[in-house]
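Please read these notes alongside the model.

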Amino acid sequence: MLAALARLPLAVRQYLLITANYWSFTLTDGALRMLVVLHFHALGYSPLAIAMLFLFYEIFGVVTNLLGGWLGARLGLNRTMNLGLALQIVALGMLLVPAASLPQLLAGVPWVMAAQALSGIAKDLNKLSAKSAIKLLVPKGAEGKLYQWVALLTGSKNALKGVGFFLGGALLALLGFEGAIASMALVLSLVWLFSLVMLKQTLGKAKNKPKFSEIFSKSRSVNILSAARLCLFAARDVWFVVALPVYLADSFGWDHWAVGGFLALWVIAYGVVQALAPRMTGRAAAPDGRAAWFWVSLLALVPALIALTLGLAPMPSLLGGLLLFGALFAINSSLHSYLIVSYAGDEGVSLDVGFYYMANAMGRLLGTLLSGWVFQVWGMTACLWISCGLLVVTSVISLWLPRRSVIPG
């Protein structure tokens, strides 16, 4: 396998290595999220308490994307990617403390929050590095090819995140919490060692060392897209992160296998649609801001429809609505992922991408907190209406996105 890999062109070889690295990380990230939600729900934690377990995960994601873009430009994307893998291994190791000891160890919740903080840093370093690297591996001006490569990377990652959800539920049922965490830490350690050896040493390293003050984007198009991304992901996570798996378990009586399996299939299908987005948007050329506005406007209708019908037929309404929401959200996410890579400057690309994913992390943080709090106080219907409102805001912001594919920074 190594000999065959060595014969490939350098750009293709690096793309495959980055993708494999990203895939491996994503499996453990998806599995860990499902493990934490289901395990601590079974221990009797409330939805709000479970949401709090992810608080530092999202907060440190905001900080990491800002600083990670700057670090990537100064040190090289290979180093930030490998650092992300190493931190995820440490986070998994922290959770190897026996579950029975967690309520007594640092009050339980703060310990898990600290581990989740490391995992959040790790995830965003890894994602930032992978997305930024694609810009450098595609020939300049090949926007159609860039759209396809970004869509393929993003879609395959999310499909594997769905596999990770299923893996988390399955490992919890088969090996228990500690056994599941240990097996993931072992596999990820092997991936990390391989990545240390194989990734190109200067990938993404800026010729002129950027100053720390340059972490905030000066590009109008990047700033507008970042604001839209914040609202888009808050709209998803306000009902998906905590409310949905707890609702499936409590209202429908689903066990760990059923919840993990369903969410896994949903995210896998979501990833497949993301990878196919260049075909589904129906444009010969790469998309622009008009396409982003159109698709998010369609998406805003879905949570409203689910909210209106949830009381009449809960299971068909929720499950059918989830499928439609997933397909439309996947297209929106893929469009955004392409646009940020296209808008980002060639020199120090990770700075613009990092700022954008900082906004993404802020949206996830807002959505995660709302998901636990709103669901616990007002229920699933309220989460869906808030999701609809956030998507309407995203649509309005998207009106200001540039109407052509490539916009100079």
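1. Along the sequence the chain reads α-α-α-α-α-α-α-α-α-α-α-α-α-α, that is, 14 helices and zero strands. Helices (H or I, at least four residues) and strands (E, at least two) are DSSP runs, numbered from the N terminus.

2. This is a predicted model, in which local features need pLDDT of at least 70 and side-chain atom pairs count only at pLDDT 80 or more, while totals for chains, interfaces and linings use all residues. Residues are numbered from 1 along each chain as its sequence is written, and side-chain values use heavy atoms, with hydrogens and water left out.

3. The mean pLDDT (the predictor's confidence in each residue, from 0 to 100) is 81 for the chain, with 85% of residues at 70 or more. Confidence is lowest in helix α1 (residues 2–6), with a mean of 58, and highest in helix α14 (residues 380–398), with 97.

4. Of the 409 residues in the chain, 61% are buried (under 20% relative accessible area, with exposed over 50% and partly exposed in between; 1.4 Å probe, protein chains only). In α14 the buried residues include Met380, Cys383, Leu384, Ser387 and Leu391.

5. How far apart are the end C-alpha atoms of α14? They are 27 Å apart, which agrees with the 27 Å that its 19 residues should span at 1.5 Å a residue; the expected span is 1.5 Å times one less than the number of residues.

6. Among contacts (heavy atoms within 4.5 Å) between residues at least 6 apart in sequence, 87% join residues at least 24 apart.
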